[in-house]
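Colleague: I am new to this structure. Could you walk me through it, one question at a time?

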Amino acid sequence: MYDYLIVGSGLYGASFARQAADKGLKVLVVEKDNVIGGSIRTEKKDEIDIHLFGAHIFHTSDKEVYDFFVRFCTLNNFINEPLANYKGKLYHLPFNMNTFYALWGTKTPQEAKAMIDKQKREAKIEKITNLEEQAISLVGKDVYEILVKGYTEKQWGRSCTELDPSIIRRLPCRFVYNNNYFNDFYQGIPIEGYTHVIEQMLKNIEVKTSTDFIKNREALKGLAKRIIFTGPIDQYFDFKLGELSYRTLRFETERLEQEDYQGNAVVNYTEREVPYTRIIEHKHFNNAKSPVTYITKEYPKEFVKGDRPYYPINDEKNMSLYNSYLELAKQEKNVYFCGRLGQYKYFDMDDTIRASLDMFKKLED
Ligand SMILES: Cc1cc2nc3c(=O)[nH]c(=O)nc-3n(C[C@H](O)[C@H](O)[C@H](O)COP(=O)(O)OP(=O)(O)OC[C@H]3O[C@@H](n4cnc5c(N)ncnc54)[C@H](O)[C@@H]3O)c2cc1C
């Protein structure tokens, strides 16, 4: 008899399994893929760690989460400073004094604030009914049209005038010359790659890959006192109330026979006409020395069954469906629905670890 059966070897499952094993509990992890790691997996090619399911940058201000994570890796000094390419011209992100200088030539915070305020006034938006109006009322016309509009339309597959304003609640502007995308205290990329982090977390823990819990439910369920389920909550219940929706991405990765392609890890393409949203150049995440380079173009797409689900769509319809599944979940004895798929919520990696630390404390303290 195991103390825990953990379904999924992603960051939630692996970090929970580690805590349980550290406490001397008996744990079995089952993973439907033939490899461990879930969405944060990386694969080394030509000395470069390829982020297989989108660029992953670890960042947090939570000291306990940071201390837990660095038990399994050494973080490098990577700082995310993405660029935006709009019609061939480059702008710094997030919106800051460098961005405003490139847009308008403004040199001081006062000049930049005055420009944004002027554009907000000129737009004369009285009632906000869609995302376009929301964005213009937050940052003015130029930042919206050059840096927000096309990117958001590609992400959601719809025009900004058809999108709900609640998708963008804030568009933070920084009135300092600082291109660091995150405000967190700690930031970096594991120099050994993310797959190594998961391997270290699962060291000496029994793991069965190529094992789908849903297909082996009857055999697996009786093996443990408690189940931590990190797969999709609707799938656990055989979609009997309906399917939750996601936005997803298609990744196109190329190996290029050149040392450097774009000189930066992340370049967003903010024009509607360019079909991808960004290009990632993997070697810049860990400063890999290699005569070749790998780039990945990210194309947003509608989720269809069989795709990897990426971004939950937390609109009214889906949240109401999720809440109905939550009611069913409450009736499942000793099964806990966790992680981004179990809770139908976007979690950054630090949120994922925090949730796993809290859940373990709740169950074991
Ligand atoms: C495109 C993208 C970019 C991101 N970038 C960042 C970033 O830069 N920084 C950051 O902090 N966070 C980032 N994140 C978030 C990060 O990926 C998540 O926080 C983290 O992966 C969540 O881990 P998880 O274990 O909950 O889910 P997952 O990694 O999805 O793990 C779930 C696991 O369960 C397995 N599973 C599912 N169903 C079953 C079943 N029936 N039986 C057995 N196994 C099953 C799956 O195969 C998977 O391995 C990003 C997310 C995405 C989508």
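**The ligand, the sheets and the helices**

Colleague: Which residues come nearest to the ligand?
Modeller: This is a predicted model, where local features need pLDDT of at least 70, side-chain atom pairs count only at pLDDT 80 or more, and totals for chains, interfaces and linings use all residues. Residues are numbered from 1 along each chain as its sequence is written. There are 35 residues around the ligand, counted as near if the C-beta atom, placed from the backbone, lies within 6 Å of it. Those that come nearest are Gly8, Gly10, Gly38, Gly231 and Gly339.

Colleague: Which helices each supply at least two residues of the shell around the ligand?
Modeller: Helices (H or I, at least four residues) and strands (E, at least two) are DSSP runs, numbered from the N terminus. By class, the shell divides into 16 nonpolar, 12 polar and seven charged residues. Here Ala, Val, Leu, Ile, Met, Phe, Trp, Tyr, Cys and Pro count as nonpolar, Asp, Glu, Lys and Arg as charged, and the others, Gly among them, as polar. The helices are α1 (11-22), α11 (339-342) and α12 (349-364).

Colleague: How far apart are the C-alpha centres of domain 1 and domain 2?
Modeller: Domain bounds come from an automatic or database domain assignment. Domain 1 covers 2-78 + 185-245 + 312-364, and domain 2 covers 94-167. Their C-alpha centres lie 36 Å apart.

Colleague: Which strands stand at the edges of the five-strand sheet?
Modeller: This open sheet has the order β9-β2-β1-β10-β16, with parallel pairing; two strands pair if DSSP finds at least two bridges between them. An edge strand has a single partner, so one of its sides is left without a neighbour in the sheet. The edges are β9 (206-208) and β16 (335-337).

Colleague: What is the bridge partner of Val30 in β9?
Modeller: Strand β2 (residues 27-30) pairs with β9 in the parallel sense, over three bridges. On the β1 side, four bridges join β1 to β2, and Ile6 stands opposite Val29. For Val30, the partner in β9 is Lys208.

Colleague: At what angle do α1 and α12 pack?
Modeller: Axes are lines fitted to C-alpha atoms, for helices over the stretch in contact, and angles run from 0 to 180 degrees between N-to-C directions. Residues are in contact if their C-beta atoms, placed from the backbone, lie within 7 Å. Leu11, Tyr12 and Ser15 are among the α1 residues that meet α12, where Met349 and Thr352 are among the partners. The axes are 9 Å apart, and the angle is about 35°.

Colleague: How many charged residues has the contact of α1 with α12?
Modeller: The contact has nine nonpolar residues. Another four are polar. The charged count is no residues.

Colleague: Which strands stand at the edges of the seven-strand sheet?
Modeller: The order of this open sheet is β7-β6-β12-β13-β14-β11-β15, and the pairing is mixed.

Note on methods
Contact = placed C-beta atoms within 7 Å.
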